[in-house]
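Walk through this model with me, one chain at a time. Keep the structure in view while you read.

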Amino acid sequence: MAEQPLIFARGLVKRFGDFTAVDGIDLSVAPGEAFGFLGPNGAGKSSTMRMIGCVSLPTAGELRILGMDPARQGPAIRARLGVCPQLDNLDPDLTVEENLITYARYFGMPRGLARRRAAELLEFVRLADRAGGKVEPLSGGMKRRLTIARALVNEPDIVLLDEPTTGLDPQARHLLWERLFQLKRRGVTLVLTTHYMDEAEQLCDRLVVMDGGRIVAQGSPRALIAEHSTPEVVELRYGQESPAEVAVKLAGVGRRVDALPDRVLVYAEDGDAAAAQAHERGPAPASVLVRRSTLEDVFLHLTGRTLVD
Amino acid sequence: MAAVGDARGARPVSPASTLAVLERALTVYRRVWRGSVFSGFLFPVMFLVAFGIGVGGRVGQVGGVDYLAWIVPGVLAATAFQTAVGECAFPVFGDFRWTRAYHAMRATPVRVGDMVAGWLLYIVVRVEIATAAFLLVSALFGALRSPWAPLTPLVCALVALAAAAPMMGVAARVEHDGWFALVFRFVVIPSTLFGGVFFPVERLPAVVRPLAWLSPLWHGAELNRAATLGGVPPWPVAAHLGVLVAFAAAGAVLAWRCFSRRLED
Amino acid sequence: MTMMAAARVAGRAAGVSPGRVGAVIARNVGALRSGPAYWWVLLSGFFEPVLYLLSIGVGVGAMVGTIEAGGRVMSYAAFVAPAMLAVAAMSGALAETTFNFFFKVKYGRTFEAVLATPVRPVEIALGELGWAMIRGSVYTGAFIVLLVATGLSSVAGGLLAFPATMLVGVAFGALGMAASTLMRGWQDFDLMAAGQFALFLFSGTFSPVGDYPAAVRALVEALPLYHAVELVRGLTVGPGGWALAGHAGYLVVLAAGCLAVAARRLERLLCR
């Protein structure tokens, strides 16, 4: 039965008044997959996630979660989902452990089982030593780990993570990624949104790039890079000359030349060769960086915008 | 805008989820109950001493009983009324705005109806604790004069629901907690001062008397008074009860709608 | 006037700049105006003492009849009215200097931001107090107009009572601020509310202290609201006399003492 998708959407639309947040998207997420929504703020990722989480109904289109209809079977679907929202909504009046137990009770779990499950999960997210403490003094990374533990309390079939590492420092991010990796290895289906390219590359088997409520590309990170970018990218910075002027002079170098406000990007099969060519054609750059192509480049190519907002 | 879809053909509440919501409220209460001793118990008792005994010494008899015995049922209803409104103001508002506890519940099988019903049950628990303690003190003061007095906790529960349910709707609806000051000043305090707690509403000018009838507190105070003093309330008992039930039912619907809307955003 | 004088005296001692105190006040005015129900909230503060006066003074008063206090016989409403005025001055000042003030110190971090400027802790304290006074005076002023209009106070009594309510406000504002700097958390506010409520009920507000047993009476007479009520009542319905100077003196000492404590504690809390 691996063929039946856990999440299936066709022509999915979400409108708020005149504003169309999600504009007719098709999706299919298979069991065990780690699926990502990539895109800038306002692309429609969170609205899509809220529809998948059955807390917001589609305005139009078809949506099936675990084979059920969110409009009629919301509670039954939510019983099998784990949700880690973008904004932490842990209960500050409860202890770390009570947060998990209380949440487990919302799923109708018996008290004893809830307590055992809470202990297990605190171990898993490395917060066992904080079990009896308050939530407030926890660091941002700890809170996010606790939220993830809470999302796992009902042993969900699908875990929804809305920007799981936004606002965390690098160490906290890596610890979180490592834990999410563990989940993936256990076969939990992960659906996440992010606007971090490295996160999408690290965690997702497959992803869709959203912009303006639409899906503009989809595939594995590797396939997306292969399809929409070149293996290597040269980043050139200049002193006096404006990137736009330089880009004109460099036309024809590599496969494509893009001018950003602060630098020029040259997409090429061979970065070093392209860098040498750029040296010959244009003014002497203040700095040169040859790197592997990333999803950021894919995104830039697809939407014409950087993700820095 | 599409309403949150639980209610389409499905039951609006499930007992297990409602109890889970109540359980969370009680878990929090276990940690902060000390504060409520003041507002729920000490304040009404102080009121009783200051007015029942202090001012009462100069008032003499009202409706055939001493002033203390006359105000006890009113203060009892007022305690239920104020506790209910107070517990549905900042706590509910905060659970939407600051802790986002309702958003957390929303991601689970808990329905909007469960959130409303669970919190209302919690309010009843709180009010019953306060009522029981206050009744005990009133009995010690000799202010309970009728075998019907044990019915007052039921009346107080109804007053609490009639006040709490609409207030939950307001708390889920407003964008700023400044509104609560207005609710207290224009609804709660006038109700307490003119709703038949300190003096009979018959003493109010005839034009403003209907305003008192609009307050659940007055109906609760009169029912309580009939129960502790053994008289007959001004309206038929069924009418008083009907008003309270209507407030509770309409309030619950309002709360359900406001919660749904708030959680939809 | 009293407040200004107090501020000036305290200012000379500590090198306070009136301009910076004013800036702290202006911040509050701005913050208030940004609220949605701004005018309603402001307006509604006036209604509370009026409602109490109508309910207890007039409603219950009709059952009480007349009352004898300080050697004069008066209607119960006339007895309660000045007490409500004093209570309004007290609660106005306390509302601003306890709950709101504590929030700003502890969670709002408002003061941390203010202190990054040349404003000093004592100026914050005075600014906050000044703000509490401005807000409180609007209410008490309106209430006095009502009392005079309804014949519950003479015009001269009303004019004298206004500065008296400001003194009451300064004293309780300072007390509230000093208490706030000592609070450990929200839980302590329940204690404070209980204390405030007890003062409200038993400070000769609703029945003359002469009705109380001697021991209770002695306790009440040691507490600040009693002196506030007696001062305002003496000025509006009489009797006057030197006893009023004693009540006023009590409040001045209370204000000065609490302000000193508040400024010192604030310094310690904010400038660690």
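Chain A holds 11 helices and 13 strands. Helices (H or I, at least four residues) and strands (E, at least two) are DSSP runs, numbered from the N terminus. This is a predicted model, in which local features need pLDDT of at least 70, side-chain atom pairs count only at pLDDT 80 or more, and totals for chains, interfaces and linings use all residues. Residues are numbered from 1 along each chain as its sequence is written, while chains are lettered from A and ligands numbered from 1 in the order in which they are written.

Start with confidence. pLDDT is the predictor's confidence in each residue, from 0 to 100. Chain A has a mean pLDDT of 89, and 97% of its residues reach 70 or more. Among the elements of chain A, helix α3 (residues 96-106) has the highest mean, 96. The lowest, 81, belongs to helix α11 (residues 295-303) of chain A. Where pLDDT is low, the predicted coordinates should not be read in detail.

Now the overall form of chain A. Its C-alpha trace spans about 75 × 45 × 40 Å along the principal axes. Of its 309 residues, 47% count as buried. A residue is buried if 20 or more other C-beta atoms lie within 10 Å of its own, exposed if 12 or fewer, and partly exposed in between; C-beta atoms are placed from the backbone. Contacts are defined by C-beta atoms too: two residues are in contact if these atoms, placed from the backbone, lie within 7 Å. Take the contacts in chain A with a separation of 6 or more: residues 24 or more positions apart account for 68% of them.

Helix α1 (residues 45-52) of chain A is mostly covered, with eight of its eight residues buried. Among them are A:Lys45, A:Arg50 and A:Ile52. A:Cys54 follows α1(A) and has a positive phi, near 60°.

Most residues other than glycine have a negative phi. A:Leu66 has a positive phi, near 50°. A:Leu66 sits in the loop between β4 (60-65) and α2 (70-78) of chain A. A:Glu163 also has a positive phi, near 50°. Its place is the loop between β6 (158-162) and α6 (170-185) of chain A. Are these two residues buried or partly exposed? A:Leu66 is partly exposed, because 19 other C-beta atoms lie within 10 Å. A:Glu163 counts as buried, because it has 22 C-beta neighbours inside 10 Å.

Turn to chain B. The UniProt annotation "domain: ABC transmembrane type-2", from an unreviewed entry, covers residues 35-262 of chain B. UniProt positions are given in the numbering used here, feature names are shortened, and annotations may be inferred rather than shown by experiment. Over residues 35-262, chain B is 77% helix and 2% strand. The end C-alpha atoms of this stretch are 29 Å apart.

How do the chains meet? The contact takes 27 residues from chain A and 27 residues from chain B. On the side of chain B that touches chain A, α1 (15-59), α3 (101-106) and α9 (237-264) of chain B each supply at least two residues. α1(B) gives the most, with eight residues.

Finish inside. A nonpolar core is a set of buried Ala, Val, Leu, Ile, Met, Phe, Trp, Tyr and Cys residues joined through C-beta atoms within 7 Å. The largest has 245 residues, and B:Val159 and B:Ala160 have the most contacts inside it. Helix α2 (residues 67-97) of chain B provides the largest share of this core, 18 residues.
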